[in-house]
Amino acid sequence: MLSGYWSDRIGKRKLFVIAGYLIAAISKILLVFSRIWPHVLFLRSAERFGKGLRDAPRDAILAGSTVKIRRGKSFGIHRAMDSGGAVLGALLAFVLFWYLNFNFREIFLVAGIIAFFTMVPLFFVKEKPIEPQIESLKIGLKNLSGSLKFFIIIATLFALGNFSYMFFILKSQNYFGGDLSIGIPILLY
């Protein structure tokens, strides 16, 4: 949310998108060299910070570059490509582990290198000039409609009760032996 506000305020969105992807890619590469859990905690947090930094400005660029009637299609294609990349990434990790005998550090190194290549299309994106916004940031529920407030409350309750599907994936290790105890969770991811 803050990166969207800041990008609107200065009138430059692409800068935040590139910085977010760069922080995430560097964090993935540095994970390869981590030896203790505080490093992993910090780098994983930095990687998620990079994602948070890029998402709102990227979505604003996407929304601003498509006509209103095709906006849903544009976001749908973006989401499909994102999900497709996640599936292909998991399959690549499985192939690297199962067939090429890569260890996890080597797989993370490959993932980090690929993360840098995700920035290449950004250099072809022409950002439309926008007027910097001078409004101050006001966060609150006071001006929202009653139905939106109700939705936010319900969504928050469900989010608090939600847990990651990764617990199910990790549990699958108990049902397989040897290399399958690692290979199957990679495929399930």
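**View 1. The chain as a whole, shown as a predicted model.** Residues 24 or more positions apart account for 70% of those contacts in the chain that have a separation of 6 or more. Taken along the principal axes, the box filled by the C-alpha atoms of the chain is roughly 60 × 40 × 35 Å, and of the 189 residues of the chain, 25% count as buried.

View 2. Within the chain, confidence is highest in helix α2, where the mean is 95, and lowest in helix α7, which covers residues 166–171 and has a mean of 84.

**View 3. Helix α2 against helix α5.** Helix α2, made of residues 14–31, and helix α5, made of residues 104–117, have axes that come within 8 Å of each other and cross at roughly 160°. Angles over 145 degrees count as roughly antiparallel, and α2 and α5 are therefore roughly antiparallel to each other. The crossing in which α2 passes α5 is left-handed. On the α2 side, the residues that take part are L22, A25, I26, K28, I29 and L31, and they meet R105, F108, L109, A111, G112, I113, A115 and F116 on the α5 side. Sorted by class, this contact of α2 with α5 has 11 nonpolar residues, one polar residue and two charged residues.

**View 4. Helix α1 and what covers it.** In helix α1, which runs over residues 2–10, the buried residues are S3, G4, Y5 and S7. The cover over these buried residues of α1 includes α2 as well as α3, the helix of residues 37–64. After α1 comes G11, a residue whose phi is positive, with a value near 80°.

**View 5. M1, at the segment before α1.** M1 lies in the segment that precedes α1. Because a residue counts as exposed when its relative accessible area is over 50%, M1, with a relative accessible area of 61%, is exposed. Between M1 and I23 there are 22 residues of separation in sequence, and their C-alpha atoms are 17 Å apart in space.

**View 6. S74 in helix α4.** S74 belongs to helix α4, which spans residues 71–98. A residue counts as buried when its relative accessible area is under 20%, and S74, with a relative accessible area of 16%, is therefore buried. When its neighbours within four places in sequence are left aside, S74 is in contact with L62 and T66.

**View 7. L41 in helix α3.** The residue L41 has its place in helix α3, and L41 is exposed, with a relative accessible area of 51%. Along the chain, L41 and I77 are 36 residues apart, while the separation between their C-alpha atoms is 32 Å.

Technical notes. Residues are numbered from 1 along each chain as its sequence is written. This is a predicted model: local features need pLDDT of at least 70, side-chain atom pairs count only at pLDDT 80 or more; totals for chains, interfaces and linings use all residues. Side-chain values use heavy atoms; hydrogens and water are left out. Axes are lines fitted to C-alpha atoms, for helices over the stretch in contact, and angles run from 0 to 180 degrees between N-to-C directions. Helices (H or I, at least four residues) and strands (E, at least two) are DSSP runs, numbered from the N terminus. Angles under 35 degrees count as roughly parallel, over 145 as roughly antiparallel, 65 to 115 as roughly perpendicular and the rest as oblique. A crossing is left-handed if the near helix is turned anticlockwise from the far one by less than a right angle, and right-handed if clockwise. Contact means heavy atoms within 4.5 Å. Ala, Val, Leu, Ile, Met, Phe, Trp, Tyr, Cys and Pro count as nonpolar, Asp, Glu, Lys and Arg as charged, and the others, Gly among them, as polar. Buried means under 20% relative accessible area, exposed over 50%, partly exposed in between (1.4 Å probe, protein chains only). pLDDT is the predictor's confidence in each residue, from 0 to 100.
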